[in-house]
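Fold first, then confidence, then packing, then single residues.

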Amino acid sequence: MGKDRVLISDGYIKRGMTKQQARLSWGDPDEIHRTVFSGGIHEQWVYGNNYLYFENGILTAWQD
């Protein structure tokens, strides 16, 4: 967890982060789009022109 703390404090993200860790790193998103499907929950967090994608609470991808 030590490396993740440094990433968070420096404002970075990485795959596998929880939603809480991403929020600590980047702050609250401008919008959250949520889709519920048979495999769980997909979320897209919007930060201006940047997007974070979560599957069941875990960061899986981003777009900038």
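**Fold and confidence**

I read the elements from the N terminus on, and the order is α-α-β-β-β-β. That makes two helices and four strands in the protein chain.

The model is predicted, so I went to confidence next. The mean pLDDT of the protein chain is 93. I found that 98% of its residues reach 70 or more. Among the elements, helix α1 (residues 2-9) has the lowest mean pLDDT, 80. Strand β3 (residues 50-55) has the highest, 98.

**Overall dimensions**

I checked the radius of gyration against the globule rule. For 64 residues, a compact globule would come out near 11 Å, and the protein chain has 12 Å, which agrees. The C-alpha trace spans about 35 × 25 × 15 Å along its principal axes. Buried residues are 28% of the 64. I also looked at contacts with a separation of 6 or more: residues 24 or more positions apart account for 25% of them.

**Core**

Which residues make up the largest nonpolar core? I listed nine: Ile8, Ile13, Met17, Ala22, Trp45, Tyr47, Leu52, Phe54 and Leu59. The elements that give two or more residues to this core are β2 and β3.

**Aromatic pairs**

I searched for ring centres within 6.5 Å. The count comes to two aromatic pairs. One is Trp26 with Tyr47, with 5.1 Å centre to centre and 85° between the planes. It is edge-to-face, because the planes are over 60 degrees apart. Trp26 lies in helix α2 (residues 19-26) and Tyr47 in strand β2 (residues 40-47), so this pair ties together parts 21 residues apart in sequence.

Are the two partners buried or exposed? Trp26 is partly exposed at 30% relative accessibility, while Tyr47 is buried at 11%. The other pair is Trp45 with Phe54, with ring centres 4.5 Å apart and planes at 45°, so I filed it as tilted. Trp45 and Phe54 are both buried.

I then listed what Tyr47 touches, leaving out residues up to four places away in sequence. The contacts are Ala22, Trp26, Gly27, Asp28, Pro29, Asp30 and Leu52. Of these, Ala22 and Leu52 are also on the core list.

**Gln44**

I moved to Gln44, which is found in strand β2. Gln44 has 19% relative accessibility, so it counts as buried, the cut-off being under 20%. What does the side chain of Gln44 make a polar contact with? The partner is the side chain of Tyr53, at 3.2 Å. Beyond four places in sequence, Gln44 touches Glu31, Ile32, His33, Tyr51, Leu52 and Tyr53.

**Thr18**

My last stop was Thr18, in the loop between α1 and α2. Thr18 is partly exposed, with a relative accessible area of 30%. Which residues is Thr18 in contact with, leaving aside neighbours within four places in sequence? I found Phe54, Gly57 and Ile58. Thr18 and Phe54 are 36 residues apart along the chain, and their C-alpha atoms are separated by 8.4 Å.

Definitions and conventions: Residues are numbered from 1 along each chain as its sequence is written. Side-chain values use heavy atoms; hydrogens and water are left out. Rings of Phe, Tyr and Trp (its six-membered ring) pair if their centres lie within 6.5 Å; planes under 30 degrees apart count as stacked, over 60 as edge-to-face and the rest as tilted. Buried means under 20% relative accessible area, exposed over 50%, partly exposed in between (1.4 Å probe, protein chains only). pLDDT is the predictor's confidence in each residue, from 0 to 100. Contact means heavy atoms within 4.5 Å. A polar contact is a pair of N or O atoms within 3.5 Å; within protein, one must be able to donate a hydrogen and the other to accept it, and residues adjacent in sequence count only if both atoms are side-chain atoms. A nonpolar core is a set of buried Ala, Val, Leu, Ile, Met, Phe, Trp, Tyr and Cys residues joined through side-chain atoms within 4.5 Å. The radius of gyration is taken over C-alpha atoms; the globule rule is 2.2 Å times the number of residues to the power 0.38.
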